[in-house]
Amino acid sequence: MTTSTAPSAGDLFAQVLRQDHRADPYPSYARMRRRPVDRLDDGSWLVSGYREIRQLLHDPRSSADRLDPQNKIPKAARSLLMQDPPLHDQLRRVVTEEFIPRIMGMRDHLGELVARLLDAHIGDGPGRLDVVADLAYPLPVTVICELLGVPPEDEALFGSLARRLTRGLDPVDTQTEEELRALDEARGELVAYLEGLIAERRTDPGDDLLSGLMFHPDPDEVMNPVQLRVTLGLLLIAGHETTVNLIANGTLALLRNPDVLARLRADPDLATPLVEEVLRYDPPVQMSARSALADIDIAGTTIPRGSRIRLMLAAGNRDAMRFDDPDRFVPDRADNAHLGFGGGLHYCIGATLARAEAQIAFTALARRLQAPRLVTDPPPYRENAILRGPERLLVAFDGLSPDHAPAT
Ligand code: HEM
């Protein structure tokens, strides 16, 4: 007789952090959801049900301080993502006021950037493209650097710093001593670079976002130098390391579902709901965290005050209690209130920009690539568990139509 013991919440959480589960963590998430709120042996709580995650994202008793024992950064020097009201709201207001107007009216420019990136691959016939290196990564990098006022010649330096720093978002116990040391080094390099950029703008302001943040009209809201630096760092990392996964995960879903690709080619308006479905089905940010400021009663249990809480956004997005047929990719899914951009006070500031970049990228790929197909399925994945996405996404095609060619 065989006895089977169900894996514990700890086993399942460890699984989704492991590289060999990176290509498909969804079966582990499905098992987690059998107990939508569960305690791990280290005393933290794993939350995997849609309703429960949403409740906690909106609950004023859940703090954005992750209580990460490894986080040595003093509280005042953390970004708004890790702050609670009232400081969070004050910082967020300044960023929103400066960020949102600068991304309005950007669609034509985004279209030109995508066209230019794809044009580099126009050849006589069959070709290959790495959607990550050739499109999904350079597009958001160029956009965020332009917005912030990072000179084009520094983009490459930033790219490599951002890649090294995102690994730091993963739980520390999944990283080696050497990786942690490399991370500290990268942080030091980023701080030095940002301080240099800020000093330049102080004497020579432009009309970029950095200058806007530094010389914001309301003197009470101007950030102090540390807040300015960490905000800039947050926007750069967020701009570099999330949209790349949205574009790559979405391209992967399209190539695995050729009928959807054909529909998008015939109907570019499908791009709008389709991007929402990618954010639900295979979200670029798989999980987030909070801590309990008070005892919180949820799903028939109590998360005690002071506990760390892990919110498994990607698991909530596949919850059958909320979404019909959740494991199916449905490009025009109705009522798609996914958790891909979080929710509540910390809802993603860059959501509008990320959506526009992805919509334009998918439409261009569908319209221009002739007979595209995946070279490797599944593709190799990056090590990161939280900001999860392919390392490379090789696509072979028979030809590349010029930009603005009519759909065939
Ligand atoms: C597909 C791309 C993106 C995804 C999936 C994404 C996802 C998220 C998520 C899930 C959160 C909430 C985290 C939490 O509550 O703990 C968040 C917050 C945030 N995102 Fe994004 N993001 C994306 C792109 C961007 C871009 C392009 C920017 C800006 C350049 C950006 C800036 C931010 C900022 C500043 C916050 C913190 C907001 C706050 O704490 O109030 N994001 N994002």
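These notebook entries record what I looked up in the predicted model.

**Ground rules**

I worked on a predicted model, in which local features need pLDDT of at least 70 and side-chain atom pairs count only at pLDDT 80 or more, while totals for chains, interfaces and linings use all residues. Residues are numbered from 1 along each chain as its sequence is written, and side-chain values use heavy atoms, with hydrogens and water left out.

**Entry 1: Gln286**

I began with Gln286, which sits in the loop between helix H14 (271-281) and strand S5 (288-292). Helices (H or I, at least four residues) and strands (E, at least two) are DSSP runs, numbered from the N terminus. Is Gln286 buried or exposed? Gln286 counts as buried because its relative accessibility is 1%; the cut-offs are under 20% relative accessible area for buried, over 50% for exposed and partly exposed in between, with a 1.4 Å probe and protein chains only.

I then looked up its polar contacts (pairs of N or O atoms within 3.5 Å; within protein, one must be able to donate a hydrogen and the other to accept it, and residues adjacent in sequence count only if both atoms are side-chain atoms). The side chain of Gln286 meets the side chain of Tyr26 at 3.2 Å. It also reaches the backbone oxygen of Pro283, at 3.0 Å.

For contact (heavy atoms within 4.5 Å), I set aside residues up to four places away in sequence; the residues touched by Gln286 then include Pro25, Tyr26, Tyr29, Leu311 and Arg388.

**Entry 2**

Two strands are taken to pair if DSSP finds at least two bridges between them. S5 and S8 are paired in the antiparallel sense over four bridges, and Ser288 stands opposite Leu311 in S8. Strand S8 (residues 308-311) also pairs with strand S2 (residues 45-47), here in the parallel sense and over three bridges. On that side, Val47 has Leu311 as its bridge partner. I noted for reference that strands of a sheet pair through backbone hydrogen bonds, either parallel or antiparallel.

**Entry 3: Gly316**

Gly316 belongs to helix H15 (residues 313-316). Gly316 is buried, as its relative accessible area is 0%. Between Gly316 and Gln286 I found 30 residues of separation in sequence and 9.8 Å in space, C-alpha to C-alpha. Apart from neighbours within four places in sequence, Gly316 is in contact with Ser48, Gly49, Tyr50, Ile53, Phe323 and Leu339.

**Entry 4: Thr302**

Thr302 is part of strand S7 (residues 301-303). With a relative accessible area of 35%, Thr302 is partly exposed. Which side chain does Thr302 join by a polar contact of 2.8 Å? The partner is the side chain of Asp297. Beyond four places in sequence, Thr302 touches Trp45, Asp295, Ile296 and Asp297. Thr302 and Gly389 lie 87 residues apart in sequence and 34 Å apart in space, C-alpha to C-alpha.

**Entry 5: the sheet S4-S11-S10**

I then turned to an open sheet of three strands, in the order S4-S11-S10, with antiparallel pairing. Strand S4 (127-130) and strand S10 (373-374) are its edges, each pairing on one side only. S10 is joined to strand S11 (residues 394-397) by two bridges, and Leu374 stands opposite Val395 in S11.

**Entry 6: cavity and pocket**

I searched on a 1 Å grid over the protein atoms alone: a cavity is a set of points where a 1.4 Å probe fits but cannot get out, a pocket is an open set with protein on both sides within 12 Å along at least five of seven lines, and lining residues have an atom within 4 Å of a point. Points are joined across faces, edges and corners, and a volume is the space filled by probe spheres set on the points.

How many cavities of 30 Å³ or more does the whole structure hold? The search finds one.

Helix H5 (107-119) provides the largest share, six residues.
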